[in-house]
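Please look over the sequence and the model below before reading on. The briefing then goes through the main points, topic by topic.

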Amino acid sequence: MADSFPEKDHANCAPAASRAAAARFAALSHPARIEILRHLGASNSCCCREVVDHLDLAQSTVSQHLKILVEAGLVRFEPDRQRSRYQLDHAALADVSASLAALVNSCCR
């Protein structure tokens, strides 16, 4: 009979900075979200409809991807009457880049 070991929640063992980096890396793990970031990076801000038109995905799918990016802190959300606006958070992406560079440097010296 196999021994049963309790599941350990490794996310709660990691420092807050590592958890934040992991959440942002997870948000970047879908190709559609990468394309959304590229589209937002090419414009000052845009509404969900503009992203839908660019990606040719369902509005509900784009909305869900935008929600994940906003929750990860990579995209800023601004309500604007009938059309909410989304904007790339350049500082947050710079932090992701720095976190990844630090990880690579610490593992591959």
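Residues are numbered from 1 along each chain as its sequence is written, and side-chain values use heavy atoms, with hydrogens and water left out.

**Confidence**

- The protein averages a pLDDT of 86, and 88% of the residues score at least 70, where pLDDT is the predictor's confidence in each residue, on a scale from 0 to 100.
- Over residues 1–8 the pLDDT stays under 50, and the model has one contact there beyond four places in sequence, a contact being heavy atoms within 4.5 Å.
- Where pLDDT is low, the predicted coordinates should not be read in detail.

**The sheet**

- Three strands form an open sheet in the order 1-3-2, with antiparallel pairing; strands (E, at least two residues) and helices (H or I, at least four) are DSSP runs numbered from the N terminus, and two strands pair if DSSP finds at least two bridges between them.
- Strand 1 (46–47) and strand 2 (75–78) are the edge strands, each pairing on one side only.
- Strand 1 is joined to strand 3 (residues 85–88) by two bridges, in which Cys46 has Tyr86 as its partner and Cys47 has Arg85.
- Strand 2 and strand 3 pair in the antiparallel sense over four bridges, and Arg76 has Gln87 as its bridge partner in strand 3.
- The hairpin of strand 2 and strand 3 has six residues between the strands, and Arg81 takes a positive phi near 55° in this hairpin.
- In a regular strand the side chains alternate between the two faces of the sheet.
- In strand 3, Tyr86 and Leu88 make up the covered face, whereas Arg85 and Gln87 make up the uncovered one.

- Asp89 lies in the loop between strand 3 and helix 5 (90–107), and counts as buried because its relative accessibility is 16%; buried means under 20% relative accessible area, exposed over 50%, and partly exposed in between, with a 1.4 Å probe and protein chains only.
- The side chain of Asp89 reaches the backbone nitrogen of Ala92 at 3.0 Å.
- Apart from neighbours within four places in sequence, Asp89 is in contact with Gly73, Leu74, Val75 and Arg76.

**Helix 2**

- The buried residues of helix 2 (residues 31–41) include Ala32, Arg33, Ile36, Leu37, His39 and Leu40.
- These residues lie on the same side of helix 2 because they cover an arc of only 160° around the axis, the arc being that of the directions from the helix axis to the C-beta atoms.
- The exposed residues Pro31 and Arg38 are carried on the face of helix 2 turned away from its buried side.

**The cysteines**

- A disulfide is a covalent bond between the sulfur atoms of two cysteines.
- When a disulfide is taken as a pair of cysteine sulfur atoms within 2.5 Å, the count comes to zero.
- Cys46 is in no disulfide, and the nearest cysteine sulfur, that of Cys47, is 6.6 Å away; at 2% relative accessibility, Cys46 counts as buried.
- The sulfur of Cys108 is 5.7 Å from the closest cysteine sulfur, in Cys107, which is too far for a bond, and at 58% relative accessibility Cys108 counts as exposed.

Conventions
Predicted model: local features only at pLDDT ≥ 70, side-chain atom pairs only at ≥ 80, totals over all residues. Polar contact = N/O pair within 3.5 Å; in protein donor to acceptor, adjacent residues only side chain to side chain.
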